[in-house]
Amino acid sequence: MSKRGRIGIDGVEELMRAVQGFERGGPQVAARALNKTAGNARTEAVRLLRQLLNLKAKDIRSGLSIHRANPKSLRAAVIARGKRGVPLAKYPVRPGRPNPKRPPAKGVSVQIKRFGGSKVVKGAFVSKMKSGHTGVYRRQGAKRLPIKELYGPNFVQYLDGGRVRRKLDRLIGRRLEHNLRHEINWQIQKQFNQIKGAR
């Protein structure tokens, strides 16, 4: 993996050897197998991260994008988007609602890890913007403004190593083989039907 927070799914030479028997459609077969595997990997990444982090599946999924392969570029990837993590307000926080008349004196309590205690973010407060967005913020200085929204950990650290990455690598190996076999069988059936229909 050349970039941080990126799980590459490729193996061009092996894929092309597997589909070399096709006169047409070989690269398309390989691209479809890669893209299905990338989707499998993102689904599994969401499941694994939910075991660690106190987040909803949709909030994790929104932070993971897929770079899709195509017949001319047989490389797919699951990518942790952006430099920031998920907004802190997506985690269980206390207080959970804004109270402009009485901001918390100690800050905001947040539980990021699914198992473990809460952490108090000193000086933080929950506020609702004019846009309707509610977040956890902290002032940048002694004055009332400006304020900055706070975020949880970036998924990059989980995709770059550790238990989550090892499990994803194993899953990718299994699913790529399965998906490639499925796409080859589909392509064979498609070509057979075309030949049969031409007679």
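Leaving aside neighbours within four places in sequence, which residues is glutamate 44 in contact with? They are Leu168 and Leu171, where contact means heavy atoms within 4.5 Å.

## Ground rules

This is a predicted model, so local features need pLDDT of at least 70 and side-chain atom pairs count only at pLDDT 80 or more, while totals for chains, interfaces and linings use all residues. Residues are numbered from 1 along each chain as its sequence is written, and side-chain values use heavy atoms, with hydrogens and water left out.

## Overall layout

The protein chain has five helices and nine strands; these are DSSP runs numbered from the N terminus, with helices being H or I of at least four residues and strands E of at least two. Of its 199 residues, 38% count as buried. Here buried means under 20% relative accessible area, exposed over 50%, and partly exposed in between (1.4 Å probe, protein chains only).

Take the contacts in the chain with a separation of 6 or more: 61% of them come from residues 24 or more positions apart.

## Glutamate 44

Back to the opening residue: glutamate 44 sits in helix α2 (residues 26-52). Its relative accessible area is 15%, so it is buried.

## Salt bridges

The structure holds six salt bridges, each being a side-chain nitrogen of Lys or Arg within 4 Å of a carboxyl oxygen of Asp or Glu. One of them pairs arginine 32 with glutamate 183 at 2.6 Å, N to O. Arginine 32 is in helix α2 and glutamate 183 in helix α5 (residues 162-198), so this pair ties together parts 151 residues apart in sequence. Arginine 32 is partly exposed at 28% relative accessibility, whereas glutamate 183 is buried at 3%.

Helix α5 has pairs of its own. Arginine 165 and aspartate 169 meet at 2.9 Å, N to O; being four residues apart in helix α5, they are separated by about one helical turn. Arginine 165 is buried at 14%, and aspartate 169 is partly exposed at 38%. Arginine 181 and glutamate 177 form another salt bridge, with their closest N and O atoms 3.0 Å apart. That pair is also four residues apart in helix α5.

## Cis prolines

Two cis peptide bonds are worth a look. Arginine 94 and proline 95 are joined by one with omega about 0°, and proline 95 is in the loop between β4 and β5 (108-110). Leucine 145 and proline 146 are joined by another, with omega about 5°; proline 146 is in the loop between β8 (134-139) and β9 (147-149).
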